[in-house]
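Subject: Structure handover

Hello,

Here is the structure for your files. My notes on it follow below.

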Amino acid sequence: MTVVVLLAAGRGVRMRSERPKVLHEAAGRPLLDRVLDTAKAVAGRSESVIVVTSKEDSSKKDSSKEERTVAAHLKANHPGVRIAIQDPPRGTGDAVRAAAAAGVFGKATTVVVLSGDVPLLSAEAVKGLVDALKKDKKAAVAVLTATLEDPTGYGRVVRDKKKSFVRIREEKDSSNGERKIREINTGTYAFDRVFLEKALPLLTSKNSQSEFYLTDVLSLARKAGRRVVLVSGDPSSALGVNSRADLARVDSILRRRNADAAMAGGATLLHPETITLDEGVALGTDVVVEPFVALLGKTTVGSGSRIGQGCVVRDTVLGKNVTVKPYCVIESAVVGDGAIVGPFARLREGTELAEGVHIGNFVETKKAVLGKGAKANHLTYLGDTEIGERTNVGAGVITCNYDGFRKHRTTIGRDVFVGSDAQLVAPVTIGDGALIAAGTTVTEDVPPDALALSRAPQTNIAAGGAKYRTLRGAGKKTRA
Ligand code: UD1
Ligand code: MG
């Protein structure tokens, strides 16, 4: 059996953040969640994964009220995963001690250790490490290394003349010669559990950071005549996030991967380097995404749809052959097949557009359900409303859904014509086939097929315009 320890304590000082480092997001997902995917895949079940975290101030919340502590995040999103508190954090070796003290190692044969801040590591690479450990009877530990162009900041793998492992040296403790070594420790290990438990109490903090280094367990293995197996992995799997610049690098790599996957799946991305795709985004075949589009959260786009330049779409389902023209902002909406939206439209949460609906420029919808073929093409606010099939909502129509205290609903039937600049003061119901004259303020229900009209009668005063100009001292002005 394999137990996976995921190290997520420590201050992450180089991030300069109130938020724990591992809860920072890359491609729309916390770093910790990515490493947890790997951890769960390697352990086979959540109960064999233990996350080491520090004692945190749970009263801290960010502006979005999202829980900010690692423990709270785990409880909410990863039931079953165990938590060990390291208080205070005194290094990676001390962190694994905290996990051991939590009593979850049991009779496990192998203890895998992963870092919460190394998010691009694949489960396959870790499984390879476990296999390498098991293959070698004398091995106490297998460690994943990588050879980097720029090894700055990482622990270096020091070998002797015969290329055998000697130790891992942290950059802060290393000599100038050692700093030139480009082979680094990725912070990913598979330990023989029995050896690990013997070695952990022997760690000391005699180093430049006064920390208990997990890497010293490897030196202890060598001294005990046990083998340290070095497995060299691909450089991107080593990328550790210690700073905001590292976070940006990981984010770009993941987004690039998402873009490549989308293109491999048959979507066209125009200037893909400008397009932001979160990991939960799924694009159908023959989807076209124009430049500077952000598709975020859990968004799916049906085949044949086109998303115009500069749109931001979050947690939304777009059907097939949908056209979203440039510069729309869409959030938590469902858009039916063949619908046309924008340019400059805003679809807010709870918007549901049936097949073939048209939403035009400067239209805002919220909790608005529009039936097949309904149209609202210009300058309109539709909130808390249901609109029947084929109904046409004219320019400037407003559902007055808020009375200053509460929200109210507007129900509009099928084949209704709502004239321009009408105000529908909710709660109000308009029957099928009704006609609302332009400029009408609807305050009472309108029966089916009725004409609703509320207008002050118009008066034309002969030469009144000319007289007005004279009065204002602009008498010479003539009409163009
Ligand atoms: C560590 C390794 C280094 C390796 C690098 C790879 C050690 C001594 N060094 O250095 O050889 O090249 O990772 O990325 O192990 N953590 C705790 N408790 C602590 C301290 C850290 O849980 O007391 C966690 C952190 O949250 C992080 C991980 O352990 O996820 C690594 O800690 P970090 O401080 O980033 O170590 P590095 O300096 O990156
Ligand atoms: Mg690190």
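I start with a single position. Ala 108 sits in the loop that joins α3 (92–101) to β6 (110–115). Please keep in mind that the model is predicted. Ala 108 has a relative accessible area of 1%, and because the cut-off for buried is under 20%, Ala 108 counts as buried. Leaving aside residues up to four places away in sequence, Ala 108 touches Met 1, Val 3 and Arg 193. Lys 366 is 258 residues from Ala 108 in sequence, and their C-alpha atoms are 53 Å apart in space.

Thr 215 is another loop residue, placed between α6 (193–199) and α7 (216–223). Thr 215 is buried too, at a relative accessible area of 4%. With residues up to four places away again left out, the contacts of Thr 215 are Ile 168, Glu 170, Asn 185 and Tyr 189.

Overall form

The chain has 9 helices and 37 strands. Its C-alpha atoms fill a box of roughly 110 × 50 × 45 Å along the principal axes. The radius of gyration is 32 Å, whereas a compact globule of 480 residues would have one near 23 Å. Of the 480 residues, 48% are buried. Among contacts with a separation of 6 or more, 43% join residues 24 or more positions apart. The accessible surface is about 23,500 Å², and carbon and sulfur atoms account for 51% of that surface.

Helix α1 covers residues 31–43 and reaches 19 Å from its first C-alpha to its last, close to the expected 18 Å. How many of the 13 residues of α1 are buried? The count is 10, so α1 is largely enclosed by the rest of the structure. The buried residues of α1 include Leu 31, Leu 32, Asp 33 and Arg 34. Just after α1, Gly 44 takes a positive phi of about 90 degrees.

Helix α4 (residues 123–135) also has 13 residues, and its reach of 18 Å is close to the 18 Å expected. Its buried residues are Ala 123, Val 126, Leu 129, Val 130, Ala 132 and Leu 133. An α-helix has 3.6 residues a turn, so residues three or four places apart point the same way. The buried residues of α4 pack against β1 (2–7), α1, β6, β7 (139–147), β10 (183–192) and β11 (227–232).

Backbone points to check by eye

Most residues other than glycine have a negative phi, and most peptide bonds are trans.

- Asp 286 lies in the loop between β14 (282–283) and β15 (288–289) and is exposed, with a relative accessible area of 57%.
- Asp 384 belongs to strand β28 (residues 375–387) and is buried, with a relative accessible area of 7%.

Regards

Definitions and conventions: Residues numbered from 1 in each chain as written. Chains lettered and ligands numbered in written order. Predicted model: local features only at pLDDT ≥ 70, side-chain atom pairs only at ≥ 80, totals over all residues. Heavy atoms only, no water. Helix = DSSP H or I, 4+ residues; strand = E, 2+ residues; numbered from the N terminus. Rg over C-alpha atoms; globule rule 2.2 N^0.38 Å. Buried < 20%, exposed > 50% of the residue type's maximum accessible area, 1.4 Å probe, protein only. Contact = heavy atoms within 4.5 Å. Areas by Shrake-Rupley, 256 points an atom, 1.4 Å probe, with all protein chains shown as cover. Expected span 1.5 Å × (residues − 1).
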